[in-house]
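Dear colleague,

Please find the structure below, together with its sequence. A short account of the findings follows it.

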Amino acid sequence: MSNQFKAILLLNVLFFICGCHTKTRNKEDAFINNLLSRMTIDEKIGQMNQVSWGDWNDLARKGQIGSALNLTDPVALKEMQRCAVEESRLGIPVLVSRDVVHGYKTMQPIPLGQAATFNPELIEKGARMAAIEATSAGIRWTFAPMVDISRDARWGRIAESFGEDPYLSAILGSAMVKGFQGDSLNDPTSMAACVKHFAGYGAAEGGRDYNSTLIPQNELMNVYLVPFDAARKAGVATVMCAFSDNDGIPCTANKFLLQDILRDEWKFDGFVVSDWASIAEMVIHGFASDSKEAAMKALHAGVNMEMVSGTYLSNLKALLEEGKVSISQIDDAVRNILRVKYRLGLFENPYFVTNKDVFYAQNHLDIARKLAEQSAILLKNTGQILPLDSNTIQSIAVVGPMADAPYEQMGTWSFDGEKEQTITPLTAIRDYIGNKANVIYEPCLAYSRDKDPKGIIQAVSKVKQADVIVAFVGEEAILSGEAHSMADLNLKGAQTDLIEELKLTGKPVVMIVMAGRPLVIEKELNDVNAAIYMFHPGTMGGPAIADLLFGKAVPSGKTPVTFPKMVGQIPIYYNHKMTGRPATRKEILLDSIPIEAGQTSLGCTSFYLDAGFDPLFPFGFGLSYTTFEYGTPELNMPVFGKQDILKASCTLRNTGDYEATETVQLYIRDLVGSLSRPVKELKGFQRIFLKPGQEKTVVFELPIDNLAFWNAEGKNVVENGDFQLWISTDSSIGNPIHFKVED
Ligand code: NOJ
């Protein structure tokens, strides 16, 4: 085929696709506009109202529910929908919603755990299976993914995030959107996703939930908005605004975010929902004098649907009559809502088919197990004590409050998961070992906050009999998530004492932490021989950990967030700025300061006298049972133009004894900018599987365009200059190579 012919063919195909797309859009617009033209003002305002309680059927008949939240009884749900579709004047279906965050029945690891997998394909599959389960219960809209950048482990909602990195959050958030929404929203197993919380909520001052944020424009554009933009590009159907205020403006009334960025710049055509009562709460913020003014400000800014507080329902009509809001603002909001309902196919197919067979289906359990396995981060493995040899071990002590806590291991946002279906580590270890060895089980503490040492004292003599002790510690599910912030991140209750006592037995101790956030565990790490960290791993956490302990699987998780040594280091994150006086690591720390030392003798750099500079574990860290050797990175050329594609490659060799997967990470640094730039930025990652002795060349392709940032002039551009590039196993190590970008 000649090139000319190929080009003509391609053009025709493109015209055909564009033509079909335009036709679909025309049909969609015609349907929505026709419906809108027949709606009364009350019916329009009804669409903008999301309800969580009340007389559902009556509200549905009157056309006063745009969306129902948390109605889960399938019979009641169907009846409410019937009332909306068959008994309301225009028969507009209700959009049924719920927080399906990391699974519906089959609980996957919490999002922070999923982020540790660095595996977007698997996360997409996980979201797909969550959608299949939830839609079979009638839920067509979920409030996920949460892509709030989280640099503060005190914030309980770090559990729901993908961690601290904008690039990782962008990739994983988009994968989740694709999984929830499937190939087409119209598929009855697809759910509309909702990217949240727009924007900056994770920067809550002091890590206290709902707190104010102070994010300057540059940081907002270059860090906090990055994953939202990616979710939008992935086709996310809805956006939720944040509770918080940034620099005094509640996100619920932030026109810059909701209009200028989201609509004008990004051309988002789905709808925006408020957070729970966040419109009414603008009165409490001191940003509106009453709920009427709050409703006006939210509508002006661009909030299309109100979650539960009813200020739209009670005030919009009067505001319209008084000329304080316009009919076009209301029409735009309703159009956006109807568009999503139309795309979901709700007008043609408002009902759902209950199918309980998909709950805990074998392939769902398999995906949940893989996610849990890949989310586990090996933090320490002195003397290669792991994996344990199930053929030679005679007896194993399984201890700690998280060893057999089926409810707790599901983590936050597990409304619909059932603890009866959850497999705990204790059960899985017993299953794995069968009668090959003796399993001694001693919880020692009844729950993670238990301070009573009685159980520990009683258990010690028994666990001493074992060849190895595996201690499951961490946090109960309720200690992280919304409104569960924490000022102290040490292990709660008597768990530190437990680890200390186990050490005193002289037996090898393996510590498994299951928690909703990175905890401060330096002391405990020193007391144990090996440690694995799992953010609450969900229904299949037990089998996953048993596979890892006994070497049927090899850990491959990496920290999606920096682990602090002390809570006072927070906020701590790898992609910070250099400052004019960066730490040298040669600073004199607290215990080495001479008495009556001179004022300037300690090194005038940016560090803590007691904690130094470095974290406990950097972003991207995670060991394996095998070892990997990285070659020196190479570039396809030393100088790039703005349209070029950088190709960076490096050899990776498995130099150990286990076949395993390594997450290879690509970082860059823009050395000099019109704004000072982060010391490192993740720009790519790949999970590479290698057999012992096997070597591969890992190649990253990075369009130079991806080095763009919002610069001092407020433009999203790549600035000319010198850059550094690393290909490495985590964010803290590796030797950089240089390249240049020129016009
Ligand atoms: C409040 C939370 O902030 C939000 O994330 C959630 O989706 C809604 N409640 C609905 O439950």
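**Contacts, cores and ligand**

Leaving aside residues up to four places away in sequence, Met80 touches Trp56, Asn57, Ala60, Ile65, Ala68, Leu71, Val94 and Val96, where contact means heavy atoms within 4.5 Å. The model is predicted: local features need pLDDT of at least 70, side-chain atom pairs count only at pLDDT 80 or more, and totals for chains, interfaces and linings use all residues. Residues are numbered from 1 along each chain as its sequence is written, and side-chain values use heavy atoms, with hydrogens and water left out.

Met80 also belongs to the largest nonpolar core, which has 128 residues. Such a core is a set of buried (under 20% relative accessible area, 1.4 Å probe, protein chains only) Ala, Val, Leu, Ile, Met, Phe, Trp, Tyr and Cys residues joined through side-chain atoms within 4.5 Å. Met80 is among the members that touch the most others, as are Met48, Trp141, Phe180, Phe198, Leu225 and Tyr312. A second, separate core has 59 residues, including Leu426, Phe472, Leu702 and Leu707.

The residues around the ligand (a heavy atom within 4 Å) include Asp99, Lys196, Asp275, Trp276 and Glu482. Oxygen atoms of the ligand lie 2.5 Å from a polar side-chain atom of Asp99, 2.8 Å from a side-chain N or O atom of Lys196 and 2.5 Å from one of Asp275. The protein covers 96% of the 300 Å² of accessible area (Shrake-Rupley method, 1.4 Å probe) that the ligand has on its own.

Yours sincerely

Definitions and conventions:
Buried < 20%, exposed > 50% of the residue type's maximum accessible area, 1.4 Å probe, protein only. Polar contact = N/O pair within 3.5 Å; in protein donor to acceptor, adjacent residues only side chain to side chain.
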